[in-house]
Structures are given as structure tokens and as C-alpha cells.
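Thank you all for coming; please bring the model up on your screens, and I will walk through a few of its parts one at a time.

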Amino acid sequence: MGGRVDRRSGGAAGRGLPHTTAEPPKRRPAGRTRRARTVAAWALTALLAATMLLPFLWMVSTSLMSELEIYRFPPRLLPAAAQWDNYPGALTARPFGRYFVNSFIFAVGVVLGQLTTAATTGYAFAKLEFRGRDRLFMLFLSTMMVPAVVVLIPRFLLIDHLGWVDSYAGLISTELVSVWGIFLMRQYFRTVPRELEDAGVIDGAGPWTVFWRISLPLAKPALATLGLFAFIEAWKNLLWPLIVTRSMEMRTVEVGIASFHGLFITNWPFQMAAAVTAVVPIVLLFLFTQRYFVQGIQMTGFR
Amino acid sequence: MSQAGQQRSPDTSVSLVAVEKYFGDVPAIRSLSIEVDSGEFVVLVGPSGCGKTTALRMIAGLEEPTSGEIHIGGHRVDDVEPADRNIAMVFQNYALYPHMSARQNLGFGLKMRKLPREEIDARVRRAAEVLGLAQLLDRRPAQLSGGQRQRVALGRALVREPSVFLFDEPLSNLDARLRVEMRAEIADLHRRLGTTMIFVTHDQVEAMTLGQRIAVLNEGALQQYAAPLRVYQEPANLFVATFIGTPTINTIEGQLATDAGRSVFRASDLTLAFPDAGYTGAAAIGVRPEGLELVNVGASDADLRSTVNRLEPLGNELLVYLDGPGERPWVARVNADSRCTPGELIGIRLDRRRIHLFGGEQQKRLATGTVA
């Protein structure tokens, strides 16, 4: 055995050595301090949760108020009597049935498109070897710096040129590729060990089968995460549907909600009732995909 | 278990002919030529980065050689897809498909081969029985222990009934006890199947115990290819001598001169004469720990002197670690009941027949055993 353990090396390093002479740890956070920290952490979490929840509750509350109650001062947190009639009222004031169908078609189309393009492109960037791969990937990434608003007009002109204005094709086509999604999938596929794919190759799987039967099933958490994000993004998208659709038959829920605003007067309770209804599918979707979703975020290192 | 394989003994030899592999400008393999006979168990061994795994991956078809030829069963396979080379490979980290049950893992390759359902089931069942996996077939890899996973990985190779098995450090993720167990199992498997097996490891004990022949690699070049005992007793060069054998061979550096038809090695007060090696200059001698005899420090026939540093009594023998005699510490393997104490000055006598002389290009072994 060479040398003696330097006692002053101290701290974590010193404690890790099995041969260090028994030196009682000087500072151990007392139970009370730790408890105080836990309480503080919980308090902070609760506060943040409250700030997130408050507008949400306000929305629900407003959706149940009468039109007059909204303008009362000081404002009231809860309606005196819940006006449940606001819901059927709001949802029939516009063809919301149609809107929901449109939003759903839009969102599902976008999800399917983005999952397909992100999984294949992300896989290519992660696993296939070709000239200029990484440079091309950086080029893709750099487009994330361009604000969406900048390309809004060119996108519209393109769709107009194709004669796709006021159609599902026009609504969905420019949303089919998400660079962020490609990035997410690439990072995920990079964590799939090479040996797994080698084993597949030796087992007789071609490149497509390796992707489809081995790598893709392992990427389920990332796919679920991307799918959920894509769905939410599409569902809450107001600007693009507003610009690219014209007829009542093609409008989406978000456009419908916005239309309560200033058309004749702003009907806040109706607008909020429609908004609450619009949130329900998202909440349900989240509840179903939550397990994958959290796993996906953890495994890609997006903590 | 394989009836097909036992009708005639088909040619399942593997040969690499002057194979080279560069990754960019970096050479991973330099002109490697190895012949593996049908049914032979060959171990590729060497320190990490020596190119042994690259060599195996080239045999599997997962890497393409930069130049040279690879033959399996007498056919050149350079342009043959991995799946069509009739090989099976077992990977270091098992490489089991995590989303499939053990059964599906075993059957995947057969399914890819479009074998009939019943045939797949039958082969999976047989392999599972051989490896004691029958109860575990419906579990996923995550629900299996390390040893069980390795068995499934082995089974996946087995069901293919390949002509060549390739193993890429398959035991290095297992704990010591399991490693010994699996080692025996693989040796047993080889005996039963009689299939050609090529096994890559950095562990020289695995190499010595498993291989009928072992190929020692270093820095992408083959150092020696021979039976384990031969490699141990007649190492081709100083690298092989140092790499194979635990504890490591004892070496001391000196100068070699020619004198009266003999090569005379001198290092401080040690002078040894070898048959003429036709070389003069810097050289080294190597003696395995069992080639040392510890004697009284005052003994007139002691070749060298040193101090005892520490002792490792292993029960059946005693390892004595010495502070010298040169710059490197030496080890002696002596009788368990030998008496000596740390700090004690001691004399060393070298077994003349077991002294290796190394020198010249790549420190080749020039001679073993001295002359008068």
C-alpha cells in the first residue's frame, strides 16, 4: 500500500475511500433542516401549480356565469348560480360539431404525418451513414431559428397556388414535418445500441426490417411524446386555420372559439364554455399517453 | 441436437487472407491471415483496441475489409450478406430485442428466414431445453437475470444451426462465478455440436481454457497463433509473453553481445549465455513466476537479489512479490509452505531451461534456455 490517506482531501472524495480511518462526518443535515427544505419545495410547487391552474379555473368559472355577472365589480371568483345552459348555447351558436370534426382531422393528420416524417428522418440522421449527414442535420436544425410567422405568408401563397385554400390538404400539408420532432427522434434512435441492429442484420433482417421491427418498437415512448405534442400544437393552432380556411365547413374549434369575439359582441361565457369543451380531448389524451410521455422525456435527456 | 449438421462433416472452416481494415486513415487490422479448421475452437485475444472485435465483425459481415479475402466453408464471402454467411453471433451486451419475449428473440432469425411455424417452434423448444430456458420463454429480457439473458443470446445463435459461431466477449458482463459457469457451458456446447467457434476476449484465462488454438493480437497485427500451452511456453515475442500468463512474466532488460559463438546477455551483475541468436544490441529476458526459485540471500548460486514486498498465500501455492531486481517488480510462484517475510532480503535463482531471450525487431523470442 502506498501513501497514507490525506485527511484534508476531505469531503466526498475522502468519504468514498474504504480505508479512511473512522472520522465522523462533521456536517450531516439535521432532520429538521431537511424537513424544512421539503416543505419549502412543496410550497413552491404548490404556488407554481396554482398560477398554472388559476386561469384554468377562471375559464371554467366564467363559462358558468351569466353575461352580466362577468362585468360585476369587484369580480367574483365563482358564479352565483351555475349557468349550465351556456354550454349547449355556445356549442350551437356556431356549428361546433363540424369544427370538432375538422380539428380532429387536422390534428390526426398532422400527428400521423409528423410521426412518419420524424421517425424516418430521425432514424436516417441517427443510424444511416451518408455523405454530409451531420451538416444536413445542422441545416435542418437551423430552420428552428426561423419564426413561424415569417413563413406564414409564403406558406399561404404556396397553398393558394396549389388551389388548396379552404381544404384539408391546405390545412394539413404544410404541418407534416416537424424539425423538432426529427431532432427528438434522432436523439432517441442514437440511444439504441448498435449491437441490437447488428443482431438483426445477422438474423437476416434488411435495413427496413431493422428499422420497422427492431428500432421503431423501441422508440414508442419518443413516438408517444412527439404524437402528443403534435396533437396539442395542431389542436390549439389558431393562426394557420384562420388564414387557410374560409368556409364555415372548414373552420376548426379554435377559429370557432375566436369567432365569439367581437362578431356582434364578445360573449365571454359562451367563449369560455367552448374553450372548456375544447380542452377536454387534450386532457383525455394526456391521461392516456402520460406514461409514455414522461418516459420519453426522461429517456431523451430532456429533463 | 442438430441432425442436419451430422450427416457428413461439411467444410465449416474460416480463413482470413491478408485482411486489412482501415477506419479512415486509422489501421484497425494490418494484414491478418488466420486459418480456422472445421470444428475448431479458436480464441482471438488481445488488449482492448487490438482489432480482435473488428476481425470478428468482418467475419460476420458487419464490417467490410479494406482489402484481403474472407472465406467460410471454402467459399469467398466478402460479398455475401451477414444473414447468408451461415454464421451466428453472440454479443457482449447480449443484444436481445427488449420488446420481444425470449421465445420471440430465439425465433426472430428463423422467422426472417421464413421457416415454417412448426419448425421454428420445434427448434426454439430444443434450444430452450439444451440451455435450461424452457420456463423463461415468455419473459422479456428485462425480466431475466444476466446469466439468463446470456443463455437466451446463446440460444438465439443455437437455433440458427449455423456452421460457425462467433462470440464477441460474451462473458465479460457476467460476474466471476457465472463467467466460469458459462465458460464451461460454452466448452461443453462446442464438444456436443462440433461446430466451428471463434471467440473474442481480452481475458487470457478464457483464451487459455477455451481455445484449441489462440490468436494473440496487438495493435491490429497477429502476434502468435498456436495452441494455448505453446503460446504460454514458447511465446513468439515479448508482448505475447507479457500478455499471456498471470501473474505476468518477469522481465529484465540488458544488452546482448556475441562471444565465442554464443549470444551473451548482460544486465547489471547477471550474465547468461544463449545459443547464437545472430543479434546484438538491446534485449530482455523473461522468466515466468514458476521459473524462479527463492534462496538464501547469501547463497553462492543466487543469480539475483531482491527484497520481498508482499506475500499472497493462495493455499496451494504462494505468490511472492519482489521489489526488483530491476526497475520492474517481479513475482515468484513457490511452494505454499515456503517461509519468507516482507522486507526480507532474498536471493533469486533462475531456472535455466525456462529463461526466454527476447530482442530485435518487435522483441521476438530469440531463444529459450541457456547454454553453458
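This is a predicted model: local features need pLDDT of at least 70, side-chain atom pairs count only at pLDDT 80 or more; totals for chains, interfaces and linings use all residues.

Strand 1 of chain B, residues 14–23, pairs with strand 4 of chain B, residues 67–72, in the antiparallel sense, and the pairing runs over five bridges. Within strand 4, B:His71 stands opposite B:Ser15, and B:His71 also has B:Arg76 as its bridge partner in strand 5 of chain B. Strand 5, which covers residues 75–76, pairs with strand 4 in the antiparallel sense over two bridges, and these two strands form a hairpin with two residues between them, where B:Gly73 in the turn has a positive phi of about 60°.

Now to where the chains meet: how many residues of chain B are in contact with chain A? There are 16, and they touch 13 residues of chain A. On the chain B side, strand 6 (87–90) and helix 2 (102–112) each supply at least two residues, with helix 2 giving the largest share, three residues. By class, that side has 12 nonpolar, three polar and one charged residues.

Finally, chain A, where the axes of helix 5 (residues 96–127) and helix 12 (residues 220–235) come within 8 Å and cross at roughly 145°, in a right-handed crossing. The contact includes A:Phe106, A:Val110 and A:Leu115 of helix 5, and A:Leu223, A:Phe231 and A:Trp235 of helix 12. Taken together, the residues of this contact divide into 13 nonpolar, three polar and no charged.

Key
Residues are numbered from 1 along each chain as its sequence is written. Chains are lettered from A and ligands numbered from 1 in the order in which they are written. Axes are lines fitted to C-alpha atoms, for helices over the stretch in contact, and angles run from 0 to 180 degrees between N-to-C directions. Helices (H or I, at least four residues) and strands (E, at least two) are DSSP runs, numbered from the N terminus. A crossing is left-handed if the near helix is turned anticlockwise from the far one by less than a right angle, and right-handed if clockwise. Two residues are in contact if their C-beta atoms, placed from the backbone, lie within 7 Å. Ala, Val, Leu, Ile, Met, Phe, Trp, Tyr, Cys and Pro count as nonpolar, Asp, Glu, Lys and Arg as charged, and the others, Gly among them, as polar. Two strands pair if DSSP finds at least two bridges between them.
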